[in-house]
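Hi,

Here is the structure I said I would pass on.

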Amino acid sequence: MKRDMSHSVTHSGQDGRGGALDLLRFAAALLIVLYHYGAEAPIALADLHPVFGRGYLATDFFLILSGYVLGRAYGGQILSGRVGLLDFLRKRLTRIWPAQVMVLAALGIVLGLATLVGIGVRHPENYTATAFLMQGFLMQAWGLPGGGGWNHPSWSLSALLVCYAAFPLAWRWISRITSPSALLALGLAAVMAGDLVCLRVFHHSIYDLDFSLGVIRAAPLFLLGICIARVVEQGRPGVAVARWLAGLAVAALVILQIEGRFDLPSIIAIATIVLALGRLPVARPSVLIEQGAKLSFALFITHSLTGMIWFAGLNLLSGVLPLPAWLHWVLWAASLPLSLMAAGLFHRFFDAPLQAWLTRRRPAGRAPAEASSAA
C-alpha cells in the first residue's frame, strides 16, 4: 500500500528559524512529493531502486517533528495555564483545516470541469462523495472506512488532530519525568509496542497500516517527538555531543536505506537527528531555508492537486503524440519544480492571507506565541 504524509506544525521561537531542522523539513516535503510522483515516472522509481519506495519515512519524520515542535512551542504555556485545551485545538485546527478545504474545493472543480469536457478520470472509485465529506471534516484517519482518495496525504492531518487533542494531557504527564533516558525509552517503547499490537491485531506493521487507521500509526511517533522535546527542554544532550550524534545518525540513516528496509532502526536514527539538531543553536539563520520550511506545508497540501492536473495532461499528450523516452522523463521531472511553483502561489495568495485574517480575528491577547510554519 502507499504510505505518505505530512502535516502542519509550528516552530518554537526558542529553537530559531532558518537552521538544520527547517532544512530537513523542506527536504522531507520534497521527498514525499517524489515518493508520490514516482509511480507516474516512465519507469516507476520504486522499480529502479527500493529506496524510492521508502518515502513513508519522511512522513514518520514529520510525525515525530510535530510532537517535538509543539512540545517546544506550547509546553510552557500548557503548564502555566496560558493556553487551554480548547484554545490550543482551535489554533491547530485553524492552521490546517482551511488549506485542506481550499484544496478539496479545487479538486472538486477540476474534476467537474474534466467531466464537462469529456475527460475521463483515472480511478474514479477514489473520488466518492463519502470520501470528500470525510476529508472535508478531517476524519478519514479515525478508523472509519471509505475516506481515501481525493487529497489522500491529508490522512496525516486527520490523525494529528487526535494527537493535538491529547497533547495538553500528554505534556503534563511527560513533564513529570525528569530522566532523559527514561523519556527516550518511553518514546521508543511506545513505537515498538504500537508495532507489535498492529502485527497482532491487524497483521500489518504499524508502517503499513491502511490510511483509515492513521491515528494508530501517528500516536506513538507523536509521543516520541514529545519525549524528545522534553529532553531538549532540559538541555540534554550537550551541544558537543549533539553535533556528533547528528552526524552519526544521518550516516546511519543513509546506510540503512542503501542496505534495505529497516524501519525501527530508521526511526531511531530519525529521532536521534531531531534530538541532536534540536539542541544545536542556529548560528547563521538562513532566510532561504526559513522560507523553504514555510513553503513545505503548502507543498504537502497541494501536490496531489498539482500532480493530478500535470500527469493527466501528460497522459493526454502521450496519447496524441508518441513521446521519446527522454522527453517523457523530462516532462515527468518538470512536475517537481511545477509543484514548488504551485505551492508558492498557494502559500502567497491563499494560505498566508487567510492565516493573517484569522489571526486578526482572534481575541486581543490570545495570539499564538509562535509563527505558523510548514509541515
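Let me start with a question: is Cys-198 buried or exposed? Cys-198 is buried, at a relative accessible area of 0% (buried means under 20% relative accessible area, exposed over 50%, partly exposed in between, with a 1.4 Å probe and protein chains only).

Before the rest, some housekeeping. This is a predicted model, in which local features need pLDDT of at least 70 and side-chain atom pairs count only at pLDDT 80 or more, while totals for chains, interfaces and linings use all residues. Residues are numbered from 1 along each chain as its sequence is written, and side-chain values use heavy atoms, with hydrogens and water left out.

Back to the cysteines. Searching the whole structure turns up zero disulfides (a disulfide being a pair of cysteine sulfur atoms within 2.5 Å). For Cys-198, the closest cysteine sulfur belongs to Cys-163 and is 13 Å away, too far for a bond. Cys-163 in turn has its closest cysteine sulfur in Cys-227, at 13 Å, which is also too far for a bond. Cys-163 counts as buried too, at 5% relative accessibility.

Next, helix packing. Helices and strands here are DSSP runs numbered from the N terminus (H or I, at least four residues, for helices; E, at least two, for strands). Helix 4 (residues 85-116) and helix 13 (residues 335-361) have axes that come within 10 Å and cross at roughly 135°. Axes are lines fitted to C-alpha atoms, for helices over the stretch in contact, and angles run from 0 to 180 degrees between N-to-C directions. Helix 4 is therefore oblique to helix 13 (under 35 degrees is roughly parallel, over 145 roughly antiparallel, 65 to 115 roughly perpendicular, and the rest oblique). On the helix 4 side the contact (heavy atoms within 4.5 Å) involves Thr-94, Arg-95, Pro-98, Ala-99, Met-102 and Val-103. Helix 13 brings Phe-346, Phe-350, Asp-351, Leu-354, Gln-355 and Leu-358. By class, that contact has eight nonpolar, two polar and two charged residues (Ala, Val, Leu, Ile, Met, Phe, Trp, Tyr, Cys and Pro count as nonpolar, Asp, Glu, Lys and Arg as charged, and the others, Gly among them, as polar).

The other pair is helix 8 (residues 214-233) with helix 10 (residues 263-279), which pack at about 30° with axes 10 Å apart. Helix 8 also makes a right-handed crossing with helix 10. Among the residues in contact are Leu-221, Leu-224 and Ile-228 of helix 8 and Ile-267, Ala-271 and Val-274 of helix 10. This contact divides into nine nonpolar, one polar and one charged residue.

Arg-236 and Pro-237 are joined by a cis peptide bond, with omega about -5°, and Pro-237 sits in the loop between helix 8 and helix 9. Leu-138 is not a glycine but has a positive phi of about 50°; Leu-138 is in the loop between helix 5 (129-136) and helix 6 (155-174) and counts as buried at 0% relative accessibility. His-203, not a glycine either, has a positive phi of about 60°. His-203 lies in the loop between helix 7 (180-201) and helix 8 and is exposed, with a relative accessible area of 63%.

Cheers

Methods. Left-handed = near helix turned anticlockwise from the far one by under 90°.
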